[in-house]
Amino acid sequence: MKTLVIAAHPNLGESKVNKAWMQRLQEEEDVTVHDLYAHYPNFKIDVEKEQQLLLEHDRIIFQFPFYWYSSPALLKEWQDAVLTYGFAYGSEGNKLHGKELMLAISTGGPAEVYQAGGYNHYSISELTRPFQATANLCGMHFLPSFLLQGMMTLTEEKLQESKEALVAYITNPNLRTVR
Ligand SMILES: Cc1cc2nc3c(=O)[nH]c(=O)nc-3n(C[C@H](O)[C@H](O)[C@H](O)COP(=O)(O)O)c2cc1C
């Protein structure tokens, strides 16, 4: 199983979590880490290259810090440009059929604020529905998200733990049945 991690962080110089995740994931043989902001600082996406990358992998991960209850802007631009009619959807757009899509997200807010009655009211599952709907339209299997939440209480130990947990999670071939 080949895994593509499409990482979208606009300011990796200031990042704790996403930078650490990317560095750890780069050590994995069957994982390709693709740094979107490094490739496309001007938002001019090479659609053919991105589609080719998708074709070469079985499991696609969108990795990003939660920004305004969604992803940073370049990942949205990537979706708009790359998931074209005839490739990702439409009567002959079946190139992503059967592949898996998963999100790996860090959030500033802790887990407990993302629920009914909590400060942010909605769960991460609810807030990430557009990604799930996109996976559905493209014939992909949407897998449960990997989350690291609560930057105020993040310790070096928790960060280290999350790196290993992320690797174990995204390289597990049987996620469709275990979660
Ligand atoms: C523009 C911006 C918007 C943000 N929006 C949210 C948000 O909606 N919810 C949240 O929990 N944290 C939010 N945060 C906090 C980031 O998610 C958090 O700092 C990030 O996940 C930490 O990862 P990093 O160390 O890789 O930067 C936001 C931060 C920025 C800069």
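Which residues of the largest nonpolar core touch the most other members? In this predicted model, they are Ile-6, Leu-54, Phe-62, Phe-64, Leu-75 and Trp-78, out of a core of 33 residues. The points below treat the cores, the ligand site and selected loop residues in turn.

**Nonpolar cores**

- Setting aside residues up to four places away in sequence, Ile-6 touches His-34, Leu-36, Leu-54, Ile-60, Ile-61, Phe-62, Gln-63, Leu-75 and Trp-78.
- There is also a second, separate core, which has 21 residues, including Val-17, Ala-20, Trp-21 and Ile-61.

**Ligand site**

- An oxygen atom of the ligand lies 2.7 Å from a backbone N or O atom of Lys-16, and a polar side-chain atom of Asn-18 lies 2.7 Å from an oxygen atom of the ligand.
- For Trp-68, a backbone N or O atom is 2.9 Å from a nitrogen atom of the ligand.
- On its own, the ligand has 650 Å² of accessible area, and the protein covers 71% of it.

**Loop between E3 and H4**

- Tyr-69 is located in the loop between E3 and H4, and its phi is positive, near 65°, although the residue is not a glycine.
- With a relative accessible area of 35%, Tyr-69 is partly exposed.
- As background, most residues other than glycine have a negative phi.

**Loop between E4 and H5**

- His-121 belongs to the loop between E4 and H5 and has a positive phi of about 70° without being a glycine.
- The relative accessibility of His-121 is 48%, so this residue counts as partly exposed.
- Ser-123 is also placed in the loop between E4 and H5.
- Beyond its neighbours within four places in sequence, Ser-123 is in contact with Tyr-114 and Gln-115.
- Ser-123 and Glu-112 are separated by eleven residues in sequence and by 9.1 Å in space, C-alpha to C-alpha.

Conventions. Residues numbered from 1 in each chain as written. Predicted model: local features only at pLDDT ≥ 70, side-chain atom pairs only at ≥ 80, totals over all residues. Heavy atoms only, no water. Core = buried A, V, L, I, M, F, W, Y, C linked by side-chain atoms within 4.5 Å. Buried < 20%, exposed > 50% of the residue type's maximum accessible area, 1.4 Å probe, protein only. Contact = heavy atoms within 4.5 Å. Polar contact = N/O pair within 3.5 Å; in protein donor to acceptor, adjacent residues only side chain to side chain. Areas by Shrake-Rupley, 256 points an atom, 1.4 Å probe, with all protein chains shown as cover. Helix = DSSP H or I, 4+ residues; strand = E, 2+ residues; numbered from the N terminus.
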